[in-house]
Amino acid sequence: MRFSLSAYVLALVLAGGAVAHAGDIVEPRLRIAEGDAAGPQVALTLDACSGQTDRRILAMLVENRIPATIFITGRWTKHNAEALAIMKAHPDLFELENHGLNHVPAIDSQPTMYGIRTAGSPQAIRAEVEGGVESLRSAAGVTPRWYRDATARYSLGAVGQIEKMGYKIAGYSLNADQGATLLAPMVEKRIANARDGDVIIAHINQPTRSAGEGVVKGILALKAKGMRFVRLDDVQSSQTLDPVPVQKPAKTRHVATAVQPQSRTRY
Ligand SMILES: [Zn+2]
């Protein structure tokens, strides 16, 4: 598996023009193979981080027989037995995968990401991944093959670590709901504009927010256009690791500007 990490490091060097380090933060971009003569296809992935279940989305998927890959945390599992039973009752529709035990970012090089406390160490990352696996096995009777951490951002070293444990990292290519914070019309528009090979990410754990309504409408719009839906394990996929720029302290930026006065010129 060492090859895998080396390949990522090389990709980062080529993409960013700078040497990558294990502590660098990356955002995996995942795409699936484009559809064949049968038509375009996308993978719908839905995160169940914690909290409750958006029944609008779950009911729409079952009624319209739309397959999806659901990323579940141990925390969500504890309080959503009924929704989990519905997912388990439709193994032809729902692929259940690992979103961690307690919704902790697999980052050990900075203390928080989007305000969420990160794992902080390789040991904690391992515990989060393995805890999620155990939770899925005991609650749903499935062994996950994919892992998506909280925030979908990782330390570069964590990517290699999790792959060594035998799991594929699940990035995405189309952020539909920005953590369920967008309003329905925007979410609908984003999903309805999905293209062949996209991996869509949205949330199924925020029933009181507007975003879920947009997920329902957007998916139905895609279906009406003839888009086919597949699950991550059903297709070939390819992934790149996009570097997440480090936020430099303001002082450093000021110095950089001072030595390049020509950059102030406006054209
Ligand atoms: Zn999440």
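Trainee: Which residues does I70 touch, not counting residues up to four places away in sequence?

Mentor: In this predicted model, I70 touches L46, A48, M87, F94, L96, E97 and I204 once residues up to four places away in sequence are left out. I70 itself lies in strand 3, and L46, one of those it touches, is 24 residues from I70 in sequence, with 4.9 Å between the two C-alpha atoms.

Trainee: Why does I70 count as buried?

Mentor: The cut-off for a buried residue is 20 or more other C-beta atoms within 10 Å, and I70 has 25 C-beta neighbours inside 10 Å, so I70 counts as buried. I70 is also among the residues with the most contacts inside the largest nonpolar core, together with I200 and V215, and that core has 66 residues. In soluble globular proteins, nonpolar side chains tend to be buried together.

Trainee: How do you know that strand 3 and strand 4 pair, and in which sense do they pair?

Mentor: Pairing requires at least two bridges between the strands, and strand 3 and strand 4 have five bridges, in the parallel sense, so they count as a pair. Within strand 4, L96 is the bridge partner of I70.

Trainee: What makes strand 4 largely enclosed by the rest of the structure?

Mentor: Strand 4 covers residues 94-98, and five of the five are buried, which is why it is described as largely enclosed by the rest of the structure.

Trainee: Why does H90 count as partly exposed?

Mentor: H90 is placed in the loop between helix 4 and strand 4. A residue is exposed at 12 or fewer neighbours and buried at 20 or more; H90 has 14 C-beta neighbours inside 10 Å and therefore counts as partly exposed. From C-alpha to C-alpha, H90 is 9.3 Å from R65, although the two are 25 residues apart in sequence. R65, for its part, follows helix 2 and has a positive phi, near 50 degrees.

Trainee: How do you know that the buried residues of helix 2 are on the same side?

Mentor: The buried residues of helix 2, which runs over residues 55-63, are I57, L58 and L61. They cover an arc of only 95 degrees around the axis, and this puts them on the same side of helix 2. An α-helix has 3.6 residues a turn, so residues three or four places apart point the same way. The face turned away from the buried side of helix 2 carries the exposed residues A59 and E63.

Trainee: What covers the buried residues of helix 2?

Mentor: The covering elements include strand 2 (41-48), strand 3 (68-72), helix 4 (81-88) and helix 8 (211-224). I57, one of the buried residues of helix 2, is in contact with V215, and V215 also contacts A176, D177, V187, I191 and A202, leaving aside its neighbours within four places in sequence.

Trainee: Why are strand 8 and strand 13 called edge strands?

Mentor: Three strands form an open sheet in the order 8-1-13, with antiparallel pairing. Strand 8 (154-155) and strand 13 (237-243) are the edge strands, as each pairs on one side only. Strand 1 (residues 25-32) and strand 8 have two bridges in the antiparallel sense, and at least two are required, so they count as a pair. V26 stands opposite Y154 in strand 8.

Notes
Residues are numbered from 1 along each chain as its sequence is written. This is a predicted model: local features need pLDDT of at least 70, side-chain atom pairs count only at pLDDT 80 or more; totals for chains, interfaces and linings use all residues. Helices (H or I, at least four residues) and strands (E, at least two) are DSSP runs, numbered from the N terminus. A nonpolar core is a set of buried Ala, Val, Leu, Ile, Met, Phe, Trp, Tyr and Cys residues joined through C-beta atoms within 7 Å. Two residues are in contact if their C-beta atoms, placed from the backbone, lie within 7 Å. The arc is that of the directions from the helix axis to the C-beta atoms.
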